[in-house]
Amino acid sequence: MKAIKVSEIAQIVNGQMHGNGDGVVTSVVIDSRKVQKDSMFAAFPGEKVDGHDYIGKAFELGASCCIGNYVPAGETRPMIVVEDVQQALKELATWYRNTLSIPVIGITGSVGKTTTKEMVSAVLESRFKVLKTEANLNNELGVPLTIFRIEPEHDVAVIEMGISHFQEMTRLAQMAQPDIGIFTVIGYAHLENLGSREGILWAKTEMVKYMQTEGVMLVNGDDDLLYKYPAERDKVTYGTELRCKVRASEIEMTEEYTSCTISNGERTLPVRVHAYGNHIIYAALAAVTVGFQFGLSDEEIQNGLLSYETVGRRANVVHTEKLTLIDDCYNANPGSVKSALDSMEHFDGRHVAILGDMFELGEEENALHEEVGAYAVEHGTELVLAVGGLSVHTAEGARKAGGRAEHFDTKEELLDRLDQILMEGDIVLVKASHSMEFEKISEAIKNQS
């Protein structure tokens with residue numbers, strides 16, 4: 001972060017300055033343990049922990065000022081007092097973004113945001129100094145913290161933007177003001193709040209209004225709603241269908257890599273990514289399209305994709321002594337589960353899908369779980385193991401489609417029987433919403449002998 005005078009920050013956020021405001025701020029943190037010299041520590045009041053209790057510690061670690069709702073008794077060091085700390089950080093982030101001249105890429109969608117963010121960054125890093133969202137800090141607190149991390153040496157910023165309600169994207173986009181907006185797919189996530197895929201499209205594309213005037217939308221042209229979206233900015237489609245401007249063909253997938261040929265008019269280049277899954281194709285397409293936009297050479301794009309590394313528990317293929325595990329338990333919605341099931345078709349062996357509850361699907365949650373169970377069977381899954389209250393409908397859908405399925409109320413019930421159910425040579429997919437904590441199942445499978 002470029003240095004900003006403490007008193008200037010107080011003016012930007014319309015806060016009350018207490019103490020000497022002559023110091024400078026070069027970073028903003030919300031965790032007192034991450035305070036460095038000249039940090040500004042943002043104190044948030046919480047139900048269990050009040051950040052104001054750590055203001056003294058922040059100053060001891062080198063903070064040049066703190067921002068909070070009040071000044072702790074006896075504190076005389078520099079503090080900015082505001083009514084709403086989170087709103088103040090948004091206002092400061094918006095101001096800071098307007099001081100920057102580097103291009104900003106905003107990424108949103110129902111599925112694949114983090115993978116796309118990582119792959120786009122990998123490609124751009126073949127030539128540029130890139131600042132990207134850490135982990136999945138993609139919400140109304142994470143986006144300003146990401147913007148604050150942009151330093152003078154950065155050439156481009158890649159910012160992931162996640163939402164679950166209307167108007168959230170408006171608030172994120174007002175801060176980020178992207179030059180390029182990437183839209184991965186309009187799926188069935190957060191239906192509880194957004195109502196329908198059309199509602200999701202509406203909420204995600206709130207970004208467009210706040211993009212730079214000469215900005216460009218990069219959209220998944222295989223997605224029906226995104227393809228038809230009447231763009232208010234230049235629009236480039238990517239996908240596998242002939243209608244897409246940037247298109248992938250000759251797709252090959254193994255347990256070790258995913259490869260394809262990507263064409264843009266007369267320009268054609270073969271690419272390979274050391275990762276597995278259908279979602280990798282779309283992330284690669286988005287990354288290559290960004291590479292084209294930034295004028296990268298074929299070699300730079302290809303090398304960038306080769307440098308990509310899988311993040312977290314996203315379609316990790318693990319070979320145990322007994323079987324092959326596809327550890328994809330980071331999160332789940334109907335679209336991502338179907339994509340994982342499609343990808344599993346590339347493996348030889350008995351296909352077993354351990355599927356858990358998918359949340360925030362609204363009134364259609366039972367029907368969507370049943371649909372996923374049927375889809376699994378129709379796409380080669382020989383045994384569905386469904387876990388959780390909602391997943392009883394997943395098992396039901398699998399049975400209605402003529403497949404084998406068992407339902408378990410809890411993970412513990414399944415874990416007690418895993419040794420009896422799983423066979424040598426099985427291909428086992430593990431996937432559910434993050435709060436189901438299916439990593440416990442993945443770890444148990446890894447430890448089987």
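Trainee: Where does G162 lie?

Mentor: This is a predicted model, in which local features need pLDDT of at least 70 and side-chain atom pairs count only at pLDDT 80 or more, while totals for chains, interfaces and linings use all residues. Residues are numbered from 1 along each chain as its sequence is written, and side-chain values use heavy atoms, with hydrogens and water left out. Helices (H or I, at least four residues) and strands (E, at least two) are DSSP runs, numbered from the N terminus. G162 lies in the loop between β10 and α6.

Trainee: Is G162 buried or exposed?

Mentor: Buried means under 20% relative accessible area, exposed means over 50%, and partly exposed is in between (1.4 Å probe, protein chains only). The relative accessible area of G162 is 10%, so G162 is buried.

Trainee: Which residues is G162 in contact with, leaving aside its neighbours within four places in sequence?

Mentor: Contact means heavy atoms within 4.5 Å. With those neighbours set aside, the contacts of G162 are K113, N138, N139 and L172.

Trainee: How many residues of α6 are buried?

Mentor: The buried residues of α6 include E168, M169 and L172. What covers the buried residues of this helix includes α3, β8 (104-108), α5 (142-148), β10 (156-160) and α8 (197-204). Helix α6 is mostly covered, and the count of buried residues is 7 of 9.

Trainee: Which residue follows α6?

Mentor: The residue after α6 has a positive phi, near 45°. That residue is Q177.

Trainee: Which residues are linked with K90 in a network of salt bridges?

Mentor: A salt bridge is a side-chain nitrogen of Lys or Arg within 4 Å of a carboxyl oxygen of Asp or Glu. K90 is in helix α3 (residues 85-97), and its relative accessible area of 11% makes K90 buried. Not counting residues up to four places away in sequence, K90 touches E140, R171 and M175. The residues linked with K90 in the network are E140 and R171.

Trainee: What is the N to O value for the salt bridge of D179 and R97?

Mentor: Side chains of opposite charge can pair when their charged atoms come close. D179 is partly exposed at 24% relative accessibility, whereas R97 is buried at 4%. In this salt bridge, the N to O value is 3.3 Å.

Trainee: How many residues apart are D179 and R97?

Mentor: The D179 and R97 side chains meet in a salt bridge. The pair links distant parts of the chain, with D179 in the loop between α6 (168-176) and β11 (180-183) and R97 in helix α3; they are 82 residues apart.

Trainee: Which residue meets R417 in a salt bridge?

Mentor: The side chains of R417 and its partner meet with an N to O value of 2.6 Å, and that partner is E406. The pair links distant parts of the chain: R417 is in helix α15, and strand β21 (residues 404-408) holds E406. R417 has a relative accessible area of 31%, so R417 is partly exposed.

Trainee: Which residues form a negative surface patch?

Mentor: Patches are made of residues with over 30% relative accessible area and no salt bridge, with like charges joined within 9 Å and nonpolar side chains (Val, Leu, Ile, Met, Phe, Trp, Tyr) within 5 Å. One member, E413, is found in helix α15 (residues 411-421) and counts as partly exposed at 35% relative accessibility. The negative surface patch is formed by D409, E412, E413 and D416.

Note on methods:
Areas by Shrake-Rupley, 256 points an atom, 1.4 Å probe, with all protein chains shown as cover. Lys, Arg positive; Asp, Glu negative; His and termini not counted. Charge placed at Lys NZ, Arg CZ, Asp CG, Glu CD.
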